[in-house]
Number of protein chains: 2
Amino acid sequence: MPPTDPLLLRAARREPTAVTPVWLMRQAGRYLPEYRALRARHGVLELCKSPRDAAEVTLQPVDRLGVDAAILFADILLVVEPLGVGLEFAQGEGPVIHRPVRSAAAVAGLAPVDVASDLGFVFETVRLVRRALAGRVPLIGFAGAPFTVASYVVEGGPSRDYVHTKRLMYEAPDAWHRLMAILAGATAAYLGGQIAAGAQAVQLFDSWVGVLAPDDYREFVLPYTRAVIAALDGAAPVIHFGTGTAALLPLMREAGGDVIGLDWRVDLDAGWAAVGHDRGVQGNLDPVALLARPAVFRERVKAILARAGGRPGHVFNLGHGVLKETPVEHVRALVDMVHELSAR
Amino acid sequence: MPPTDPLLLRAARREPTAVTPVWLMRQAGRYLPEYRALRARHGVLELCKSPRDAAEVTLQPVDRLGVDAAILFADILLVVEPLGVGLEFAQGEGPVIHRPVRSAAAVAGLAPVDVASDLGFVFETVRLVRRALAGRVPLIGFAGAPFTVASYVVEGGPSRDYVHTKRLMYEAPDAWHRLMAILAGATAAYLGGQIAAGAQAVQLFDSWVGVLAPDDYREFVLPYTRAVIAALDGAAPVIHFGTGTAALLPLMREAGGDVIGLDWRVDLDAGWAAVGHDRGVQGNLDPVALLARPAVFRERVKAILARAGGRPGHVFNLGHGVLKETPVEHVRALVDMVHELSAR
């Protein structure tokens with residue numbers, strides 16, 4: 001625990017804070033000109049694999065925005081590359097997996113992941129960032145949750161209907177369970193390594209889990225997310241996030257997490273009640289609201305803070321990542337607004 | 001009311017039925033070889049505008065599947081063409097609107113819709129289908145709900161983040177409200193015309209409404225959906241459908257509908273409780289389940305029927321449309337299964 005006892009870590013323990021802590025998913029990202037300048041010269045994987053560059057990108061927004069946490073610059077698919085599925089970030093196309101995994105044989109053919117050697121560059125980034133932050137704000141590490149990572153591995157890229165993923169689940173459940181066990185094991189080791197290197201909290205991104213029926217989540221996903229969180233054994237607070245999860249929140253809570261991430265599709269108070277008040281919640285402004293004038297989104301920020309009701313355990317965030325069209329000065333205005341409006 | 005007192009209409013009135021009625025969104029669609037054969041020769045708009053062809057497509061699945069209703073073959077964007085926004089169905093690309101509406105000036109420039117002259121071909125299709133059905137099963141008419149139609153008109157096509165739609169809503173609320181009022185008026189007249197021509201029930205598709213925060217739904221959408229449903233004044237049962245709506249169900253109920261459509265992301269019993277048991281519900285099998293073997297999806301059908309608990313007012317359907325990859329024999333097996341497993 002750094003000497004300043006950071007707001008974010010206190011909120012994650014549901015301790016009272018003088019103001020509501022705020023950080024933003026994708027606060028290091030394409031809406032920042034200094035990030036775009038780096039990306040013009042380097043691919044995503046290349047940036048991630050250069051600890052100096054990744055640390056720079058992680059730090060870019062911290063002082064500029066006045067946020068209460070840094071979030072590691074990395075990609076949820078880094079853990080997938082050592083599996084040997086042919087991961088590539090095509091120019092302007094998002095991730096492509098050249099050998100998608102859609103059968104028991106394909107699952108059996110996956111190479112083992114040794115996080116220390118395969119993902120050591122991430123741990124080095126964590127160390128560099130911690131040193132540079134010098135205790136100003138805590139550093140959040142992260143990984144994709146097993147379902148969301150599996151969905152890319154099976155589909156071969158982003159998807160709309162998740163047809164291949166669900167087919168594997170329904171038609172070859174043994175293969176599905178083996179794939180999820182492999183990803184859960186690698187993810188637990190990966191997050192454990194980030195924490196050992198200095199990450200003070202971690203977020204598990206189950207970004208696309210909202211495409212599942214609750215019964216499917218319970219049977220095919222929950223045990224693996226629970227295994228990842230249980231393996232960390234409280235070494236750092238865990239934020240467990242997904243989108244489209246209004247009906248999944250009680251099950252996500254069951255899987256674990258000190259703080260459950262809410263997207264904007266649910267009222268924060270209703271979402272917190274579904275999660276249970278013995279956990280924290282994070283969220284939940286619609287990222288599109290940040291494209292409007294600050295006077296317009298100020299009313300929305302007020303409404304979210306009112307729904308949180310000053311209850312300890314609320315971390316302010318968007319409901320998903322900052323959109324690339326977002327004006328930087330709006331992001332800065334949001335951070336100031338949250339601090340101003342939540343001052344107790 | 002036709003002499004046979006159709007299952008679907010009884011269920012919509014929450015009257016007991018001998019078996020649970022079942023029909024499928026997109027039951028007339030790309031998974032059917034006879035539909036693909038017609039589409040190889042005609043565009044979507046061309047098919048819709050030929051009452052003989054549209055009636056044929058509407059009827060194709062009825063006997064083949066044994067469903068309890070026919071659903072009009074049409075497109076939710078037909079109502080948009082008379083506005084003069086340049087609607088086109090590009091080959092394999094989905095709908096494109098060449099002059100998207102993103103300002104007060106653009107809203108002011110929309111041409112008036114005269115449904116009798118602009119959409120008379122749809123009413124003619126309804127008459128042809130009713131005659132051909134000769135009372136075997138009822139015919140469901142449909143329209144897009146104002147929000148979902150507006151989202152295409154503003155975005156210019158399908159969208160992921162609905163940035164333009166929400167920006168108009170947030171930054172130019174007067175223009176947004178005018179656009180919604182125009183669409184609500186045209187939609188009410190359009191559905192009224194379908195009912196007058198013989199549609200025995202109508203479904204209002206608010207397919208993409210699940211991208212909204214509940215507060216936004218209440219302010220920017222609910223009044224217009226309510227106006228459409230209220231204008232029909234009980235002339236036919238209304239099914240009110242959306243996806244990703246777990247947190248919106250009480251508000252959708254407030255907007256209206258005899259039956260509220262549920263997607264697969266919510267447990268049917270929890271969804272029905274959120275809607276209220278004084279309304280019916282429709283749903284809610286994940287369309288991807290139909291790609292698995294019938295022995296696999298049979299268990300899911302059983303689970304959905306168990307959650308409905310034999311309560312009058314359940315219409316079985318998928319949680320969204322039939323996917324184009326779906327084997328026809330699986331769809332037939334589903335219909336038989338629902339009838340067999342729900343027999344009282």
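The points below go topic by topic.

This is a predicted model, in which local features need pLDDT of at least 70 and side-chain atom pairs count only at pLDDT 80 or more, while totals for chains, interfaces and linings use all residues. Residues are numbered from 1 along each chain as its sequence is written, and chains are lettered from A and ligands numbered from 1 in the order in which they are written.

**The nonpolar core**

- The largest nonpolar core holds 257 residues, and Leu72(A), Ile140(A), Leu72(B) and Ile140(B) have the most contacts inside it.
- Such a core is a set of buried Ala, Val, Leu, Ile, Met, Phe, Trp, Tyr and Cys residues joined through C-beta atoms within 7 Å.
- Beyond its neighbours within four places in sequence, Ile140(B) is in contact (C-beta atoms, placed from the backbone, within 7 Å) with Ala69(B), Ala70(B), Ile71(B), Leu72(B), Ala199(B), Ala201(B), Val202(B) and Gln203(B).

**Where the chains touch**

- Chain A and chain B each bring 29 residues to their contact.
- On the chain B side, helix 9 (163-171), helix 11 (214-220) and helix 15 (294-308) each supply at least two residues; helices here are DSSP runs (H or I, at least four residues), numbered from the N terminus.
- Helix 9 of chain B gives the most to that side, with five residues.
- By class, the side of chain B that touches chain A has 17 nonpolar, two polar and 10 charged residues.
- Ala, Val, Leu, Ile, Met, Phe, Trp, Tyr, Cys and Pro count as nonpolar, Asp, Glu, Lys and Arg as charged, and the others, Gly among them, as polar.

**A helix pair in chain B**

- The axes of helix 8 (146-155) and helix 10 (173-197) of chain B come within 9 Å and cross at roughly 120 degrees; axes are lines fitted to C-alpha atoms over the stretch in contact, with angles from 0 to 180 degrees between N-to-C directions.
- Pro146(B), Val149(B) and Ala150(B) of helix 8 meet Leu179(B), Met180(B), Leu183(B), Ala184(B) and Thr187(B) of helix 10.
- This helix contact has seven nonpolar, one polar and no charged residues.

**Around Ser159(A)**

- Ser159(A) sits in the loop between helix 8 (146-155) and helix 9 (163-171) of chain A.

Conventions: Buried ≥ 20, exposed ≤ 12 C-beta atoms within 10 Å, placed from the backbone. Contact = placed C-beta atoms within 7 Å.
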